[in-house]
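This report looks at a few charged pairs, a hairpin and a helix, and takes them in that order.

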Amino acid sequence: SSLEVHDGIRTALEDCGADLRRALGAVAGVAVVDSGFNLRIDLRRALPEAAAAAREAVAAVLEGKPMLRRKDAKQAVEIRPDAQWSRERSVDYLIQRLRDHLGAAAILPIYLGDEQSGETTFRKLRQFAPPDGGGQAPATATTGAISICVG
């Protein structure tokens with residue numbers, strides 16, 4: 001089976017995306033991206049004034065949309081379902097699904113993220129780091145992951 005978004009939430013995301021595209025259509029350097037699970041308002045190409053205007057427009061669009069919540073990042077705004085969900089819970093969910101599907105207890109996940117926004121997820125993944133000779137995760141590992149910087 002595949003991950004699915006509840007129909008009511010999916011409709012709320014689609015409606016919000018349409019409202020955001022109308023509100024942000026004239027704002028240079030701003031893009032609205034629908035991942036299926038959330039909306040991302042990408043501000044990387046926007047000038048600071050345009051990014052500020054976009055953030056204000058997002059706040060206005062979200063008024064009256066109780067099923068959705070906003071999460072601000074440095075160069076983006078995410079619109080997510082208002083649910084108790086996080087990257088860490090997503091990792092737990094996906095690993096459990098893999099274990100159930102494969103019938104395997106040992107899973108070595110690979111997670112791509114940056115050190116700041118993915119910090120708690122990298123800590124969560126530490127429990128899946130390969131054990132050293134004593135059966136414990138290496139004490140010197142800070143995340144159980146390899147960091148690669150691009151750009």
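Predicted model: local features only at pLDDT ≥ 70, side-chain atom pairs only at ≥ 80, totals over all residues.

A residue counts as exposed when its relative accessible area is over 50% and as buried when it is under 20%, with partly exposed in between. Arginine 44, at 53% relative accessibility, is therefore exposed, whereas its salt-bridge partner, aspartate 42, is buried at 9%.

| Salt bridge | Closest N to O |
|---|---|
| Aspartate 19 – arginine 22 | 2.4 Å |
| Lysine 65 – aspartate 19 | 2.9 Å |

Aspartate 19 and arginine 22 both lie in helix H1 (residues 7–24), 3 residues apart, which is about one turn of the helix. At 23% relative accessibility aspartate 19 is partly exposed, and its pairing with lysine 65 links distant parts of the chain, since lysine 65 sits in the loop between helix H2 (48–62) and strand S3 (68–72), 46 residues from aspartate 19. Arg10, Glu14 and Asp34 are also joined in a network of salt bridges.

Strands S1 (residues 31–34) and S2 (residues 39–42) run antiparallel and are joined by 4 bridges, with alanine 31 opposite aspartate 42. The two strands form a hairpin with 4 residues between them, and glycine 36 in the turn has a positive phi of about 100°.

In helix H3, Glu88, Val91 and Ile95 are buried; they cover an arc of only 55° around the axis, and so lie on the same side of H3. The face turned away from that buried side carries the exposed residues Asp100 and His101, while helix H4 (119–125) is part of what covers the buried residues of H3.

How values were computed
Residues numbered from 1 in each chain as written. Heavy atoms only, no water. Pairing = 2+ DSSP bridges. Buried < 20%, exposed > 50% of the residue type's maximum accessible area, 1.4 Å probe, protein only. Arc of directions from axis to C-beta. Contact = heavy atoms within 4.5 Å. Salt bridge = Lys/Arg side-chain N within 4 Å of Asp/Glu carboxyl O.
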